Amino acid sequence: MTQKVTHRNVESYLVNFIQDLYLIAEYRDVKKPNMGMDFPLDIARREIKRTYRLLDEDEKRKFEECLTEEQKFYFDVLIRREIEVVYMLDAKSRLLERTVKENKEMQKKQESRIRKLEEQVAKLEEDKKQDNNDLKKANKKLKELKASNSWKIGRAITWPVRKLKAILRKFSNGNA
């Protein structure tokens, strides 16, 4: 129990498993083919898989080198396929977890970006309101200026000069 798991452990489990298969096949009742033997075989198969997964790559290689053809057949058919399915499911699960994590990170970035854009829009709207207020003030001042007597006098004094300027423009553009 306290020793390191080696290929010998898996090999002995497999040998016992194969012997159990033969015993069940030899003594099974034709009328009751399973005789309730699925449960002990499932336990043995799970133990082989669990122990095999504990081996490092070197021990796995040693295990496969010491197997007979019959043992290789039973290991491949009854155990390896299940181990490979579990590895594939684990890999898919890890990929799914990584994808979910990446999606969450991307969602956080997008939410942060949206908040920044909303802040910029709010600032632009505030600036637009300020510009509208400034424009209203400027238009009000312009109205006040145009309503003043000094503006009216200035416009009357500069009227002949403005008319002369307009006429000269027409001649210089060739419209006369």
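1. Let's start with Asp-56, which is partly exposed at a relative accessible area of 36% (buried means under 20%, exposed over 50%, partly exposed in between, with a 1.4 Å probe and protein chains only). Asp-56 forms a salt bridge with Lys-4, their closest N and O atoms being 3.8 Å apart (a salt bridge is a side-chain nitrogen of Lys or Arg within 4 Å of a carboxyl oxygen of Asp or Glu). Asp-56 sits in the loop between H2 and H3 and Lys-4 in the segment before H1, so the pair ties together parts 52 residues apart in sequence.

2. A word on the model: it is predicted, with local features needing pLDDT of at least 70 and side-chain atom pairs 80 or more, while totals for chains, interfaces and linings use all residues. Residues are numbered from 1 along each chain as its sequence is written, and side-chain values use heavy atoms, leaving out hydrogens and water.

3. The whole structure has eleven salt bridges. Glu-59 is buried, with a relative accessible area of 9%, whereas Lys-62 is partly exposed at 31%.

4. Now the helices (DSSP runs of H or I, at least four residues, numbered from the N terminus). H1 (residues 7-27) and H4 (residues 69-147) pack at about 85°, with axes 11 Å apart (axes are lines fitted to C-alpha atoms over the stretch in contact, and angles run from 0 to 180 degrees between N-to-C directions). H1 and H4 are therefore roughly perpendicular (65 to 115 degrees).

How values were computed: Helix = DSSP H or I, 4+ residues; strand = E, 2+ residues; numbered from the N terminus. Parallel < 35°, antiparallel > 145°, perpendicular 65-115°, else oblique.
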